[in-house]
Each structure stands twice: as structure tokens, then as C-alpha cells.
Amino acid sequence: MYSSAVILHRSVIGPSLHTRKSFEKSEHNSAISSLLTDERSATLNVEEDIGILSLDQGMEPYKDHLRFRTGRYVEQKELIGKYEGSLEEFAQGYLKFGFNREEDCIVYREWAPAAQEAQVIGDFNGWDGSNHRMEKDQFGVWTIKISDSGGNPAIPHNSKVKFRFKHGNGVWVDRIPAWIKYATVDPTRFAAPYDGVYWDPPPSQRYEFKHPRPLKPEAPRIYEAHVGMSSSELRVNSYREFADDVLPRIRSNNYNTVQLMAIKEHSYYGSFGYHVTNFFAVSSRSGTPEDLKYLIDKAHSLGLRVLMDVVHSHASNNVTDGLNGYDVGQSSQESYFHAGDRGYHKLWDSRLFNYANWEVLRFLLSNLRWWLEEFQFDGFRFDGVTSMLYHHHGINMAFSGNYKEYFSEATDVDAVVYLMLANCLIHNILPDATVIAEDVSGMPGLGQPVSEGGIGFDYRLAMAIPDKWIDYLKNKKDEGWSMKEISLTLTNRRYTEKCISYAESHDQAIVGDKTIAFLLMDKEMYTGMSCLMEASPVIERGIALHKMIHFITMALGGDGYLNFMGNEFGHPDWIDFPREGNGWSYEKCRRQWSLVDTDHLRFKFMNEFHRAMNLLDDKFSFLASTKQIVSSTDEEDKVIVFERGDLVFVFNFHPENTYDGYKVGCDLPGKYRVALDSDASEFGGRGRVGHDVDHFTSPEGAPGVPETNFNNRPNSFKVLSPPRTCVVYYRVEENLEDGDTEELANGNKIVAADVALQEGAEEADAAIQEHIEESTLIDDIGSDKTGDVEVEMGDVSSDD
């Protein structure tokens with residue numbers, strides 16, 4: 001089925017062991033029968049023990065494909081170990097390539113096989129490289145040692161540098177070094193080219209991390225953020241301002257993880273950071289590498305983990321500033337990218353990596369280790385994974401869930417092997433790392449460990465969920481919403497593969513689209529959000545459904561939750577980066593924090609509810625629970641009832657009907673009380689549900705005989721369910737006195753730690769800790785946080 005043309009790599013190139021070797025078919029077969037080692041040193045026999053086959057019998061017809069790709073992974077990992085020492089050593093390419101200090105000199109190396117001659121130029125030599133010519137070895141690596149001058153480095157810290165080379169037609173070109181750690185541009189010159197910057201600050205100017213990484217949470221509650229557009233002013237925000245002004249907001253809202261977009265240098269700001277030009281450099285628009293370290297350390301001090309939105313699916317086609325400048329028409333074996341059409345993404349107008357190339361693997365794997373170790377990131381969200389997994393890149397593909405779509409010659413095995421290597425490396429270096437895949441196809445095994453033949457991600461994004469909400473809000477009247485379809489969309493995920501659910505991310509906020517709040521309330525958001533006037537029907541509906549949509553997505557849609565910056569309070573407008581079409585305006589490329597900070601505006605209600613949602617998970621850990629049971633999806637009543645952990649959730653989507661004495665099923669008998677209520681006045685509701693009411697259960701049917709139960713639940717209790725509300729009930733432990741739960745009557749009153757918005761790291765931390773202690777939904781209830789019932793989500797192959 002697979003020709004020898006797809007064998008992973010046909011030449012081995014390394015800075016210390018430059019050995020060229022061809023791999024014959026017999027060697028390939030030998031590699032397949034070897035042992036696979038993952039991050040936990042577990043072993044797998046490729047011929048016998050593809051673990052994901054036992055989890056999903058539907059993959060059995062494709063076992064040869066799975067064994068083939070796993071064998072390729074084994075082969076590549078063994079070769080790396082043979083010629084580079086180990087995968088971890090291989091991924092320290094930044095210690096060899098680029099600029100590095102050695103004894104009494106700076107050594108600069110660059111892989112550029114297509115270059116005929118090469119020099120290093122910069123401020124240090126007046127941009128004249130005639131005295132700084134580089135030497136090329138037989139594998140295309142150019143090297144120069146630049147001795148210190150007068151006891152000081154010949155290239156001063158923070159000075160500009162470039163790589164100058166001559167290619168086949170005799171033309172000399174200047175390029176930014178591929179491994180450069182910082183790049184800047186003259187802001188006074190329109191469309192000015194970037195310059196590489198030699199970054200090696202003296203000890204007194206280096207940022208030293210002070211705080212340990214926070215422990216990995218049971219379930220990530222992720223705040224997706226873009227540093228540049230996080231200011232309320234019409235400008236690009238800085239890393240330090242984000243750290244001091246925005247991180248306390250995130251922590252106050254009870255998120256435990258921050259996902260940062262657009263960190264790597266990208267010459268085009270409007271690309272949202274997805275057209276990377278310099279992979280090892282921080283975006284200079286927001287500050288220096290030391291400033292970014294300050295941000296991450298500050299986040300850690302607040303108990304926030306930090307993920308990077310990493311782009312290894314493609315690269316900017318910018319020739320002057322980016323990696324594409326090294327492509328001068330050479331073959332794929334001598335380039336970072338594939339040649340011809342295979343090396344170009346038609347929709348993204350960008351270049352596609354050749355994952356079969358040894359030096360490309362070194363570059364990308366080293367890039368991951370660099371950000372983990374130098375900047376102390378806690379993991380990654382891999383962008384554009386669908387494009388990587390398939391030769392067609394998902395273009396014009398409507399994935400139906402047929403397994404032939406996942407395991408065929410359309411699969412890019414080179415890319416799959418790279419992702420397996422990447423996940424193995426990340427978890428070897430940082431066992432508690434969080435790694436998330438953005439994949440719309442729903443490829444089986446994407447979130448299974450490498451040791452079981454999977455690709456190794458910890459989570460996948462549940463990308464079908466926001467699409468469903470957008471479809472409903474744009475195309476269906478409220479009366480036409482299907483409770484069964486909503487429930488199925490939220491629970492339609494592969495058993496044993498964890499998902500991050502989200503109602504909207506940055507994708508739904510970009511120009512040409514609308515956020516959920518904007519779809520719900522549109523222009524009335526500009527005039528109808530004042531609490532000094534009665535809410536219009538549009539505003540009342542909009543705020544109610546905004547809370548319900550986000551909460552049911554969180555509670556039922558996955559094993560973690562994500563929200564994009566500002567959507568927690570229904571930020572109006574779309575995102576539109578400065579460009580010629582809008583007069584280079586920053587008006588819609590910022591976050592108007594004053595909206596949520598102004599007490600008489602209704603934006604605060606949505607923000608407070610998001611804070612309470614997260615706090616509820618802090619108290620009950622329902623996101624981490626494997627107990628998830630949907631007991632009712634009533635199309636006539638427009639009500640969804642489900643259990644997550646030992647909490648009971650009641651969502652009434654009916655636009656008008658209030659149900660008094662509405663019967664809901666539950667697992668455990670006893671007394672239940674309100675844990676969270678979207679209709680509470682603190683969240684802009686009407687306060688119709690009593691929080692001091694005890695709800696006692698009644699047994700339903702014969703014990704252990706589900707068909708005799710109520711909605712297949714052995715117990716039930718009755719509740720009041722107003723229209724367009726969601727209420728969560730928790731079970732009161734029998735051994736608690738009534739006085740121990742008095743605070744529940746005020747459980748929805750989450751008090752903001754306003755001081756945290758202005759104070760420094762220590763003051764913010766103290767204020768937030770005080771907030772956490774004082775603003776409780778419940779206090780030491782003693783609930784079972786995880787539950788002991790495991791419910792399968794179904795063996796679903798596609799997120800669509």
C-alpha cells in the first residue's frame with residue numbers, strides 16, 4: 001500500500017555527526033518490529049500492541065496503516081537517538097545553531113544548503129561582511145567564529161545582525177537568521193523590513209524567574225488572550241502592562257490557565273500571529289524577551305499556567321523577514337519547505353514545512369523545547385493540526401466520520417510522525433505539560449498516548465460546538481432550537497479522548513463575523529446596556545442566553561473550557577486589526593475594560609456569571625468528572641437536565657414557560673440546594689428561584705431496574721424552572737448541620753477583587769486570595785468532587 005517513496009527521511013544531517021545514510025526496506029521492517037518508548041518509558045510492540053485498536057474496533061480495518069505510521073515513528077526516534085544522542089538532545093538545536101557564546105567568542109551557524117557563499121553582517125561590522133565570511137560543510141551548514149574584542153563580545157547585545165548569502169544565480173540577499181531570538185523593525189518607516197537582533201543581555205538585565213510553575217489542574221479553564229490588543233487604548237499593549245493589568249482580571253475570574261496568542265514574531269500584525277516570520281523570537285511589538293518572562297512569572301505567581309498558541313502547521317511567505325527567504329528554488333531536501341504546490345497553502349497564502357527533513361525536525365522540535373525551557377511555558381495549543389494531518393489540508397473537505405477519511409494515502413504520515421515526536425518530547429521535558437490540538441476533522445487517536453499508537457495530545461478542541469451555536473443564532477428562531485441536537489453536539493466526542501469545549505474563541509470575533517453577544521443583541525448593545533433604564537426584550541433575552549450558552553457548553557461539552565478575552569462580559573463589536581481598509585485604526589483592535597468596570601452597565605452581569613461558573617468548578621470539579629448523564633432533553637418543554645459529577649443541571653431554554661414543581665431525575669437520594677442560578681439578581685436576573693429552599697428526593701421505581709425509574713434515574717426532586725434560566729443543584733451531606741450551609745443563600749454573590757486590578761504582583765495575589773476565600777458559592781460542603789460512575793460519551797469519530 002505504501003511505496004518506498006514515502007520513507008521518512010533519506011539523509012541524516014547533524015552538526016556533530018554529519019553522516020549520510022540511505023534506509024533500505026529491510027531496515028524499515030526491522031524498525032517496525034522494535035519497541036516504541038513514550039514519555040512514561042512504557043514500551044509497545046508495533047506488530048502486536050497498538051492500544052487504540054482495543055479501544056475502537058472501528059479502526060481494526062486500518063491496523064496496517066496504524067502500524068505503518070507507528071513504525072515510522074519508531075524508526076525516526078531510533079535514528080535520532082543513534083546520530084544525536086536522544087530526542088531531548090536533538091531538540092537543543094538552539095545551542096548549536098544561531099548565535100551562541102562560547103569561550104572567548106561568538107559562534108554563528110546557519111543551515112542554508114542552497115547558498116554558494118555566506119557572510120554575517122550587522123551593526124558590529126558596519127554591514128560589511130567581507131571580513132566575516134562563513135565556511136560551509138558538506139551538509140549545508142555555514143559556520144563562523146567571531147573572537148571577542150578587548151575582552152568583550154565582538155557583537156554587542158541588542159545590536160542588529162543579518163545573514164547575507166549568494167545563491168545560484170549569483171545574487172546576494174540579506175536574511176534574518178533563522179534561529180534569531182529577537183527581531184525588530186523601525187516603527188517610523190512604513191513597511192520597513194525587520195532586522196535580526198543579537199540578544200545576550202548581561203546578568204544584571206536578564207530576568208530571573210522567581211515563582212515555580214503551578215500544579216497541573218484537574219481540568220483547564222483557559223482564558224485565550226492576545227497581548228497586543230488587550231489595552232483599552234488605541235495602541236499595541238505590552239507584555240508588562242498585560243501582566244500587571246490583565247492577569248489579575250483573569251485570576252479574579254477564577255480561570256486557571258492563560259493561552260497566549262501571537263507570541264512569536266510575525267511581521268504582519270493583522271495575521272493574528274498565525275503567519276510567523278521568526279520562530280524563536282518574541283513579538284517585539286509588545287516588548288523584549290525579558291518582558292515576556294516577567295509576564296509568565298507573574299502569571300505563575302497568581303497560580304495561572306501559561307500555554308502558547310504555537311504555529312508549526314505553516315510559515316509566513318514573507319521572503320524579506322521570514323524563513324521563506326531561505327528558499328531560493330532549491331529541492332525540498334535542501335529547504336525548510338516542500339517544493340512546488342505541496343509547499344504552498346492556497347487558502348492561507350503561506351509555506352508548508354517538509355516534515356521529512358532532518359533539519360526541519362531539528363528546527364521545530366528545538367523550537368518547542370526553547371519556549372518550554374527558556375520562557376517557562378506550561379504547554380501548547382497547536383494551531384492548524386488538520387492542515388498538517390492531510391495532504392489536502394482539509395480544504396473543501398466535509399469530514400463525515402468515515403474512517404477512510406482518516407487512514408489512507410491522503411494522510412500526511414510525515415506530519416503525523418512529527419506530531420508524535422513533538423508530544424513525546426514535550427512530555428519528556430515537562431510531564432505535566434498541557435498540549436491541545438486544533439483539529440476539525442476528528443481524527444481518531446489524536447488524543448491517545450503515543451505509547452498506545454496515538455498522536456499524543458492531551459486535549460482536542462471541540463470545534464463543532466461554536467459552529468452549532470452560530471448556526472442556531474443566525475438561522476433558527478428560539479422555538480426551533482432542538483434540545484436533543486444541542487445535547488448531542490455537546491456530548492458528541494470520542495470516549496477516552498479529552499476535549500476542550502468553547503462557545504466562541506477568537507475565530508468567532510474576527511472581522512466579518514460576530515461574537516455571541518453581538519449576534520444576540522447587535523446594535524442595542526450600544527444603547528441598551530445601562531441599568532438606569534429597563535432592559536429591552538432584546539437585551540434581556542441576550543444576557544440570559546449568553547449565560548446559558550456559555551455555561552451549558554462548559555458543563556456538558558468537554559473536559560476543560562476555553563473563553564476568548566472579553567467574551568466573558570459580552571464585549572461588543574468584532575476584531576479588526578489596523579489595515580489600509582480601516583485607515584490603520586486600532587478602534588476595534590482593543591478591549592474596552594471600562595464596560596465591565598462601570599457599575600451601572602449590564603456587562604458586569606455576564607462577567608460575574610462567568611466568574612461564578614469557574615468558581616463552581618473550583619468547588620465541585622465537575623469538569624474533571626467522568627460521570628456525565630443526560631437524563632432529559634424535552635423538546636416540548638425546551639428543557640435539558642443532566643448530571644455532571646454529583647451536580648444536577650437544569651437548563652430551561654423556553655422563551656416564555658415557567659415550570660413550577662418540575663420533576664428532575666438524579667442519582668443520589670437526599671437533600672439538594674441551589675449551587676448556582678443564572679436568574680439571580682447578581683447576574684442580571686429576576687431572582688425567581690429561592691436559594692434557601694431544600695429539595696428532598698423521592699425514590700423512583702425498583703432499585704437497580706432503570707426502566708422503572710424516572711428518566712432512567714433512581715431518584716427525583718422538584719424544582720422551579722423559569723424561562724431562559726439555568727440552575728445547578730448540589731446534594732447536602734447528611735452529616736452537616738443546617739448552620740453550616742447558611743452561606744448558600746448568598747452563594748451567587750461573587751465579590752470582585754477590584755484592588756487586584758491596580759496593585760502589583762504581591763498585592764494582587766493577596767487580594768485575589770482574599771476574594772477566593774470570601775466569595776464562595778458554598779463553603780466546605782464536603783461534596784464528592786469526581787464521582788465514581790464512568791459514562792461513555794460514545795465512539796464518535798468526528799467533531800463535525
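Axes here are lines fitted to C-alpha atoms, for helices over the stretch in contact, and angles run from 0 to 180 degrees between N-to-C directions. This is a predicted model, where local features need pLDDT of at least 70 and side-chain atom pairs count only at pLDDT 80 or more, while totals for chains, interfaces and linings use all residues. Residues are numbered from 1 along each chain as its sequence is written, and side-chain values use heavy atoms, with hydrogens and water left out.

**Figure 1. Overview of the protein.** The secondary structure comes to 16 helices and 33 strands. Helices (H or I, at least four residues) and strands (E, at least two) are DSSP runs, numbered from the N terminus. Of the 800 residues, 62% count as buried. Buried means under 20% relative accessible area, exposed over 50%, and partly exposed in between (1.4 Å probe, protein chains only). Contact means heavy atoms within 4.5 Å. Among contacts with a separation of 6 or more, 74% come from residues 24 or more positions apart.

**Figure 2. Helices α7 and α9.** Two packed helices are described by the angle between their axes and the distance between the axes. The axes of α7 (residues 358-374) and α9 (residues 413-429) come within 10 Å and cross at roughly 30°. The two are therefore roughly parallel to each other. Angles under 35 degrees count as roughly parallel, over 145 as roughly antiparallel, 65 to 115 as roughly perpendicular and the rest as oblique. The contact is made by L361, L364, L365, L368, R369, L372 and E373 of α7 and by Y418, L421, A422, L425, I426 and I429 of α9. By class, this contact of α7 with α9 has 11 nonpolar, no polar and two charged residues. Ala, Val, Leu, Ile, Met, Phe, Trp, Tyr, Cys and Pro count as nonpolar, Asp, Glu, Lys and Arg as charged, and the others, Gly among them, as polar. α7 passes α9 in a right-handed crossing. A crossing is left-handed if the near helix is turned anticlockwise from the far one by less than a right angle, and right-handed if clockwise.

**Figure 3. Close-up of L421.** L421 sits in helix α9. L421 is buried, at 0% relative accessibility. Leaving out residues up to four places away in sequence, L421 touches Y73, Q76, K77, I80, L87, L361 and L365. Y73 is 348 residues from L421 along the chain, yet their C-alpha atoms are separated by 7.3 Å.

**Figure 4. Helices α3 and α7.** The axes of α3 (residues 63-84) and α7 come within 13 Å and cross at roughly 85°. α3 and α7 are therefore roughly perpendicular to each other. Q76, L79, I80, Y83 and E84 of α3 make the contact with W358, L361 and R362 of α7. By class, the contact of α3 with α7 has five nonpolar, one polar and two charged residues.

**Figure 5. Helix α11 and its surroundings.** In α11 (residues 483-491), the buried residues are M483, I486, S487, T489, L490 and T491. Their cover includes α10 (464-475), α13 (537-556), β25 (628-634) and β26 (639-644). The axes of α10 and α11 come within 9 Å and cross at roughly 160°. That makes α10 roughly antiparallel to α11. α10 passes α11 in a left-handed crossing. A464, I465, K468, W469 and Y472 in α10 meet E485, I486, T489 and L490 in α11. By class, the contact of α10 with α11 has six nonpolar, one polar and two charged residues.

**Figure 6. Close-up of M606.** M606 lies in helix α15 (residues 603-620). M606 is buried, with a relative accessible area of 0%. Not counting residues up to four places away in sequence, M606 touches M521, M529, I543, H546, E568, F569 and G570. M606 and F683 are 77 residues apart in sequence, and 6.5 Å apart in space, C-alpha to C-alpha.

**Figure 7. Two loop residues with positive phi.** Most residues other than glycine have a negative phi. H393, though not a glycine, has a positive phi of about 60°. H393 is found in the loop between α8 (385-389) and α9. H393 is buried, with a relative accessible area of 18%. T496, also not a glycine, has a positive phi of about 80°. T496 lies in the loop between α11 and β23 (499-501). T496 is partly exposed, with a relative accessible area of 38%.

**Figure 8. Cysteines.** A search of the whole structure finds zero disulfides. A disulfide is a pair of cysteine sulfur atoms within 2.5 Å. C424 counts as buried, at 0% relative accessibility. C726 is buried, with a relative accessible area of 1%.
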